[in-house]
Every structure is written in structure tokens, then in C-alpha cells.
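Please load the model in a viewer and keep the selection panel at hand. The stops below proceed from the overall fold to individual residues.

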Amino acid sequence: MNSTNHEPKTDAAPESPERRKLLGWLVSVINAVVAIVVLAPTAKLISAPLITRRRRGQWVPALPDDLQMGETREATIELEVKDGYRTTTRRYVVYVHRNRNGLLCFDPSCTHLGCRVRFQDEKQRYFCPCHGGVFDSEGKVVSGPPPKPLVQHPVKSDGGQIYVYMEV
Ligand code: FES
């Protein structure tokens, strides 16, 4: 025995560069598939609120158009809203008013801190129950802390129906 070579003997042929390249490519493909399988649901979960936040508007029927001059009426509007993966029905209350210039539609949220105002027919005023804010029938501040008029929604009459443009 004159051999000092301690390397193990193998029958396997040395790896060729092509085989190494193919294995590297295969590992990359498997990694990409695993990354897609793991990251896709996570990305969808994260992006769902962003999708919901994207505002879209639509004209929604609010009332039959039998509103008299100077009259204010409360209307409840139902909207189908896509909320991530679900579709839900949301209800919104608005006030629609007709004056000599046409129709006006008010959001009932007080512009002070957001309490819901109520319209009193006999006084022709909106009253806020929280801090005594008062608005006239055209949404302008009459008294109290509200800093600005009631927010308006676009409104139109078409075919005997009053429609309100709502952003969701
Ligand atoms: S929230 Fe309406 S007056 Fe303050």
C-alpha cells in the first residue's frame, strides 16, 4: 500500500456546469412559487382596506319628487358598499330642501364635532343636540360653535324622483 490519498472514492460523475445551472434555475422557480403562495394572501389582506377607502360615487334615489317650495324632508338612503371581500348595505340619512333656486341636500353631521342635527319644521332650523349649534334651512350657521355650514351632497330631480350623489 503506497497510497496516501484519503479522499473517498465515488462512482458519481463530477457535476457538469449545465446540471448545476439547471438545478439553480429549478431552485429559483420553486422559491418564486413559494413566495407567491405565501405573499399573495398577505398582500391581498393588506390592500383590502385601501380598496375600501377608494371613494366611488353614485346617484341614489332618495325621495319621490313631491317636495313643496320651502319644504325640508328627511330621506334614508341605502347603499351597497364593497368592504374588502364583503358587500354590505349601509344606511345614510340626508335632508333634502327645495327653495326658489332648486334642490339642496344636507348631510346631518354637525360641522362642529359631528353630532347628528335634527330639522325642526316649525322653526325652519337644524338643531344640534350636543353643543347647541343651529343652522338655517339652507344649512348656514345661525348660532353656536359650528365653524361652517352643513355639508351638501349633489342632488337632482329626474323623472319624478330625487336623486342624491353619494360617495362611499
Ligand atoms: S357637535 Fe354640534 S355644536 Fe358641537
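Strands here are DSSP runs of type E with at least two residues, helices are runs of H or I with at least four residues, and both are numbered from the N terminus. Two strands are taken to pair if DSSP finds at least two bridges between them. The model is predicted: local features require pLDDT of at least 70, side-chain atom pairs count only at pLDDT 80 or more, and totals for chains, interfaces and linings use all residues. Residue numbers start from 1 along each chain, as its sequence is written.

**Stop 1: the whole chain**

Display the protein as a cartoon. One helix and ten strands are present, and from the N terminus on the elements run α-β-β-β-β-β-β-β-β-β-β. Next, colour by burial, where a residue is buried if 20 or more other C-beta atoms lie within 10 Å of its own, exposed if 12 or fewer, and partly exposed in between, with C-beta atoms placed from the backbone. Of the 168 residues, 15% count as buried. For contacts, the criterion is that the C-beta atoms of two residues, placed from the backbone, lie within 7 Å. Among contacts with a separation of 6 or more, 48% join residues 24 or more positions apart.

**Stop 2: the sheet β1-β10-β9**

Select β1, β10 and β9, which form an open three-stranded sheet in the order β1-β10-β9 with antiparallel pairing. Because β1 (57-64) and β9 (155-158) stand at the edges with a single partner strand each, one side of each is left without a neighbour in the sheet. Neighbouring strands of this sheet are turned by 35° against each other on average, direction ignored; the axes are lines fitted to C-alpha atoms, for helices over the stretch in contact, and angles run from 0 to 180 degrees between N-to-C directions.

Strand β10 covers residues 161-167 and pairs with β1 in the antiparallel sense over seven bridges. Which residue in β10 is the bridge partner of Leu63? That partner is Ile162.

**Stop 3: the sheet β2-β3-β4**

Move on to β2, β3 and β4, an open antiparallel sheet of three strands in the order β2-β3-β4. Its edge strands are β2 and β4, each of which pairs on one side only.

Strand β2 (residues 72-83) and strand β3 (residues 86-99) are joined by twelve bridges in the antiparallel sense.

Val96 has Cys105 in β4 as its bridge partner.

**Stop 4: Leu79**

Centre the view on Leu79, which lies in strand β2. Is Leu79 buried or partly exposed? Leu79 counts as partly exposed because it has 14 C-beta neighbours inside 10 Å. The C-alpha atoms of Leu79 and Arg90 are separated by 5.2 Å, although these residues are eleven apart along the chain. Neighbours within four places in sequence left aside, Leu79 is in contact with Val60, Arg90, Tyr92, Met166 and Val168.

**Stop 5: the largest nonpolar core**

A nonpolar core is a set of buried Ala, Val, Leu, Ile, Met, Phe, Trp, Tyr and Cys residues joined through C-beta atoms within 7 Å. The largest such core has 18 residues, of which Ala62, Val94, Val96, Cys105, Val155, Ile162 and Val164 touch the most other members. Elements giving two or more residues to this core are β1, β3, β4 and β10, and β10 gives the most, with four.

Select Cys105 within this group. Apart from neighbours within four places in sequence, Cys105 is in contact with Val94, Val96, Gln152, His153, Val155 and Val164.

**Stop 6: Gln124**

Finish at the loop between β5 (118-120) and β6 (125-127), where Gln124 is found. Its phi is near 55°, a positive value in a residue other than glycine. Gln124 is partly exposed, since 13 other C-beta atoms lie within 10 Å.
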